[in-house]
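Hi,

Here is the structure I promised to pass on. Have a look at it first, then read my notes below.

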Amino acid sequence: MTGWLASVANDAEIARILPAAPDILDLKDPAAGALGAWPVEHIATTLRALAFLPGRPQLSATIGDHPMKPDIVLPAARRVAETGVDFVKIGFTPEGAPDRCIDALAPLAARGTRLIAVLLADQWPTDPGCLPIDRIAAAGFAGAMLDTAGKRHGLRHHWPDGQLAAFVTCTRSLGLLTGLAGSLRVADIPALLALSPDYLGFRGALCGGERTADIDPQAVCRVAARMAGRPIPDPPIAALTPRPTENGPATGR
């Protein structure tokens, strides 16, 4: 069964989304880029606060948007890994030296850090065969997911469903966890569930469409319902606002 990941920008959003029971809480700062990072001290504090929460979701954290240089990517990944977070997410683009970065991260994976390669689909060719999935698996990564650097268009705008299905099949055949994200909408969920990735990731859809806005509990309910195969709940009926009258105090109807 496909799980879902919810990207959260702060502790208040964690409290707001926990009742919907996402499978993974993704600690990410959407105002700082596609993979904007939380400060490592804040990640560690949040982990301690949630450590004894019964049935808490797993936690992932991004290392930030970095150029594909091993001497930058590896220290950033180490810092996040040292917090004890369940998954460390690292963005990969074809520019620079992505293969060298993957190889440099292999010793970290060998020590038990569960690394997730985030392949930015709007920057790679639309073909799973062009992605370094074999190298990611050989380096001991735990998983790979497709996301987008730009958020104006969603993942399915850049990659057709047939290519997304091929990515899921290829990634899973190598024993990696598979994920799909990138401005996914509630309307995208049924088609993507049919591809059977391990996770679908959401941010904008949890905020009513604008990823830098606060998480909206009603939007969260819509995502959670669709992921569970339930009908999307009707929005609550808004209370009528009293209107002033010409001859007296405000009245409501």
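Let's start with helix α4, residues 98–110: its 13 residues reach 19 Å from first C-alpha to last, close to the 18 Å expected at 1.5 Å a residue (the expected span is 1.5 Å times one less than the number of residues). Helices here are DSSP runs of H or I with at least four residues, strands are E runs of at least two, and both are numbered from the N terminus. At A104, α4 bends by about 25°, and the proline P107 follows within four residues; the bend is the angle between axes fitted to the seven residues ending there and the seven starting there. Buried residues of α4 include C101, I102 and L105, where buried means under 20% relative accessible area with a 1.4 Å probe, protein chains only.

Before you go on: this is a predicted model, so local features need pLDDT of at least 70 and side-chain atom pairs 80 or more, while totals for chains, interfaces and linings use all residues. Residues are numbered from 1 along each chain as its sequence is written, and side-chain values use heavy atoms, without hydrogens and water.

Now the rings. Rings of Phe, Tyr and Trp (its six-membered ring) pair if their centres lie within 6.5 Å; planes under 30 degrees apart are stacked, over 60 edge-to-face, the rest tilted. That gives two aromatic pairs. One of them is W4 with F202, edge-to-face at 6.5 Å between centres and 70° between planes. This pair joins strand β1 (W4) to strand β8 (F202), 198 residues apart in the chain. Both W4 and F202 are buried.

Cheers

Notes
Buried means under 20% relative accessible area, exposed over 50%, partly exposed in between (1.4 Å probe, protein chains only).
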